[in-house]
Amino acid sequence: MIRDIERLEIPNSNPFKNDRFGREAIADNLEKIIRRSNGSLVISVDASWGMGKTTFIQMWKKKLSNSNRYQTLYFNAWENDDTNDPLVPIMASMEEELELVDNDGIEKVKEVGIQLVKKSLPSALKILTRGILDIEKIKLGDYNEEKLVELAGEIGSIELKNHKNQKQAKSKFKQELKDYRKLLKKKVIFFIDELDKCRPAYVIETLERIKHLFDIEGYIFILSLDKQQLIQCIKMFYGNEVDSSAFLRRFIDLEYSLPEPDRDSYLEFLVNKFELKNQNTEDFFIPYLKGFVKVYNLSLRDINKLIYYLNIVLPMSDLFALSQSWKVVDLQVFGIIYSLFPVLKTKSNDKYQQFINKNFDSDFVSEIITFNPEETFKDIRFSRFNQLFIDIVSKLLKLNKDSDISSEDYWIRLESRPDSEFNLIWLLDDKSKKLRFINDFEFADRFQLDK
């Protein structure tokens, strides 16, 4: 059930039906640019990891496929970066998606394209000399200087011949692509996903293949990527002194950055989807959860993981128990606990583990609370709780580490009414001297939600 978050339905008839961020308008505007383009075009769609790039391009691809103007193809670069040459999986993708359109046409493209697949020097020499010259079996100690010069000349001649053959094959390949597009009477759009996750050499090789083999009228490439990660790939390959942005401009014609998604509305959608909202959580949990998601800058993928976790934890919690009559202060305390620590686990699991294992020092509070509670939760009507937030967390952490203390210092007073106070000691289990909510967390931690 919880994995359904990742498997978002993209209906053929209405691909953007489940679009939560209003991105169909973006796809439509980008499509107008493609439609007006007369030559080749490479567009990058940039967003950081976990911000919904893949979902966006899958929706967009399906929508374009419904038009008679375009033939679309999808290629996941990361799933194929174990190949020596990205041209191989690109052609495989073309064959898989286009053979039903016109099998003879795509066979011609593939037949010529195979000649362009890069091979290692030994393999290339074997192929070009039909196995006569097997460089792996050559022992240079068997040759004098004159013979070595002669051998070098033979190898050079073979490489020159190979270069000429490659040049002719490249020209023929591009011509076959032109002929094939005329046959289709459509623009061909490649969606290349997760390029930034690939090994640096493969990233460069893919960009070069696109630039040198597919710069043909009517062939469009949409690259889904995290530009900052891609820049790091380029620096790893060429060194830190290279101008990575300028390098990318050699290959990418237009760069588009996806706007930040509305994480509040996405979180609200998932909370409703998994029925995590009731009269207790609506006022005393969800507002705090939204605040922590914001200050810890959770991505959409992080929010998915968070919901996986809360879907297990919340039903076990005191916060979710409607049969119990809680005071306002009780619900506030439960709300902060069951929002702060699951968010901390999602974004900074090492800090979360320090808390669970009581392995933290006196600076721990300032390390996990690097924001202003008053500003973060300014829209929450229980403002007095905001003022005492850091004090509450500090006492909670101290109680977790030294549970033998039963001091009156652990009372917190949130409002002026006499019943508006809560003793954190009540959260301790009398037998285990462990904070009771930690049992809920430890139970949920045993689910392999990241696998």
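Colleague: Let's start with arginine 436: how does its relative accessibility count?

Modeller: This is a predicted model, and in it arginine 436 has a relative accessibility of 31%, so it counts as partly exposed. That class lies between buried, under 20%, and exposed, over 50%.

Colleague: Which residue forms a salt bridge with arginine 436?

Modeller: The general idea first: side chains of opposite charge can pair when their charged atoms come close. Here the partner is aspartate 318, with the closest N and O atoms 3.2 Å apart. The two come from distant parts of the chain, 118 residues apart: aspartate 318 is in the loop between helix 13 and helix 14, and arginine 436 is in helix 20. Aspartate 318 is partly exposed as well, at 23% relative accessible area.

Colleague: Where do aspartate 445 and lysine 345 lie?

Modeller: Aspartate 445 is in helix 20 and lysine 345 in helix 14, so their pairing ties together parts 100 residues apart in sequence. Their side chains meet in a salt bridge at 3.4 Å, N to O. Aspartate 445 has 21% relative accessibility and counts as partly exposed; lysine 345, also at 21%, counts as partly exposed too.

Colleague: And are arginine 209 and aspartate 85 buried or exposed?

Modeller: Both are buried. They form a salt bridge, 2.5 Å from N to O. Arginine 209 sits in helix 7 and aspartate 85 in the loop between strand 2 and helix 3, 124 residues apart.

Colleague: How many salt bridges does the structure hold?

Modeller: There are 16. Glu24, Asp28 and Lys63 are linked in a network of them.

Colleague: Back to helix 20 for a moment. Which residues make the nonpolar surface patch?

Modeller: Met316, Phe443 and Phe447 make it, and the patch covers about 280 Å². Phenylalanine 443 belongs to helix 20, which spans residues 436-445. With a relative accessible area of 44%, phenylalanine 443 is partly exposed.

Colleague: How many bridges join strand 1 to strand 4?

Modeller: There are 6, and the two strands run parallel. Strand 1, residues 41-46, is also joined to strand 5 by 4 bridges, again parallel. Take aspartate 46: its bridge partner in strand 4 is leucine 225, while in strand 5 serine 257 stands opposite aspartate 46. Isoleucine 43 stands opposite leucine 254 in strand 5.

Colleague: Which residues cover the two faces of strand 1?

Modeller: In a regular strand the side chains alternate between the two faces of the sheet. For strand 1, Leu41, Ile43 and Val45 are on one side and Val42, Ser44 and Asp46 on the other, all buried. With 6 of its 6 residues buried, strand 1 is largely enclosed by the rest of the structure.

Colleague: Last one: how many disulfides are there?

Modeller: A disulfide is a covalent bond between the sulfur atoms of two cysteines. The cut-off is 2.5 Å between sulfur atoms, and the count here is 0 disulfides. For cysteine 198, the nearest cysteine sulfur is that of cysteine 233, 7.7 Å away. Cysteine 198 is buried, with a relative accessible area of 3%, and cysteine 233 is buried at 7%.

Conventions. Residues numbered from 1 in each chain as written. Predicted model: local features only at pLDDT ≥ 70, side-chain atom pairs only at ≥ 80, totals over all residues. Heavy atoms only, no water. Buried < 20%, exposed > 50% of the residue type's maximum accessible area, 1.4 Å probe, protein only. Patch = residues over 30% accessible without salt bridge, like charges linked within 9 Å, V, L, I, M, F, W, Y side chains within 5 Å. Areas by Shrake-Rupley, 256 points an atom, 1.4 Å probe, with all protein chains shown as cover. Salt bridge = Lys/Arg side-chain N within 4 Å of Asp/Glu carboxyl O. Pairing = 2+ DSSP bridges.
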